[in-house]
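Morning, everyone. Please have the sequence and the structure open while I talk.

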Amino acid sequence: MALINYASREINCKIVYYGTGLGGKTTNLEYIFKQLAPGIRGEMISLATETERTLFFDFLPLDLGSVQGFKTKFSLYTVPGQVEYNASRKLILNGVDGIVFVADSQTEKMQENIESLRNMEENLAEYGLTLDSVPYVLQYNKRDLPNVNSFEDLESSLNDRGVPSFEAVAVEGSGVFATLKAVSKAVLNRLS
């Protein structure tokens with residue numbers, strides 16, 4: 001839940017990037033980190049294994065300026081994609097204000113995407129939340145690879161709620177800021 005400090009006129013929101021292992025969650029944060037000036041973002045904290053897979057989470061604080069007289073800050077987190085780290089995934093969802101579900105567009109990853117989406121819903125339920133109660137968007141990453149599902153197939157399988165969805169090539173930055181902008185806007189609209 002967003003923290004609003006009326007005395008300092010500051011709003012702090014938590015956005016979580018969720019999805020399968022090696023789907024591109026960390027790549028999204030790394031691209032955002034590289035593109036923004038140091039005055040807008042803090043240091044990125046990443047706890048990765050030797051194979052560069054996220055062990056616990058990635059964290060990137062962003063200062064997005066002022067909205068209606070309140071200084072607005074977003075904390076971006078990723079969850080580890082591997083199933084064996086489900087306790088970490090659940091913990092990171094605690095207090096979430098918005099979610100980006102990063103789906104791997106490759107055809108062989110469709111079942112993993114569906115399972116990860118279900119897992120996210122189960123973990124949200126542990127906090128009394130549903131995908132109808134938390135703003136979220138979908139990102140279909142790795143659109144540059146040759147063996148990807150069509151946009152229509154991804155929508156049919158993963159977007160039964162009709163939330164905003166974006167095609168992306170996170171490693172090149174395509175779709176990264178459009179996704180962040182959409183989830184940020186949805187979170188701020190929820191607060192107003």
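I start with Ser 165, which sits in strand β8, residues 165-167; helices (H or I, at least four residues) and strands (E, at least two) are DSSP runs, numbered from the N terminus. Before going on, the model is predicted, so local features need pLDDT of at least 70, side-chain atom pairs count only at pLDDT 80 or more, and totals for chains, interfaces and linings use all residues. Residues are numbered from 1 along each chain as its sequence is written, and side-chain values use heavy atoms, with hydrogens and water left out.

The side chain of Ser 165 makes a polar contact of 2.7 Å with the side chain of Glu 155. A polar contact is a pair of N or O atoms within 3.5 Å; within protein, one must be able to donate a hydrogen and the other to accept it, and residues adjacent in sequence count only if both atoms are side-chain atoms. Leaving out residues up to four places away in sequence, Ser 165 touches Leu 138, Tyr 140, Phe 151, Glu 155 and Asn 159, where contact means heavy atoms within 4.5 Å.

Next, Asp 104 in strand β6, residues 98-104. Is Asp 104 buried or exposed? Asp 104 is buried, because its relative accessible area is 0%; buried means under 20%, exposed over 50%, and partly exposed in between (1.4 Å probe, protein chains only). Its side chain reaches the backbone nitrogen of Gln 106 at 3.1 Å. Again leaving out residues up to four places away in sequence, the residues that Asp 104 touches include Thr 20, Lys 109 and Asn 141.

Now the rings. Rings of Phe, Tyr and Trp (its six-membered ring) pair if their centres lie within 6.5 Å; planes under 30 degrees apart count as stacked, over 60 as edge-to-face and the rest as tilted. By this rule there are 4 aromatic pairs. One of them is Tyr 6 with Phe 70, edge-to-face, at 5.7 Å centre to centre and 85° between the planes. This pair links distant parts of the chain, 64 residues apart: Tyr 6 is in the loop between β1 (3-5) and β2 (10-19), and Phe 70 is in strand β5, residues 70-78. Tyr 6 counts as exposed because its relative accessibility is 60%, whereas Phe 70, at 12%, is buried.

Tyr 140 and Phe 151 have ring centres 5.6 Å apart and planes at 75°, so this pair is edge-to-face too.
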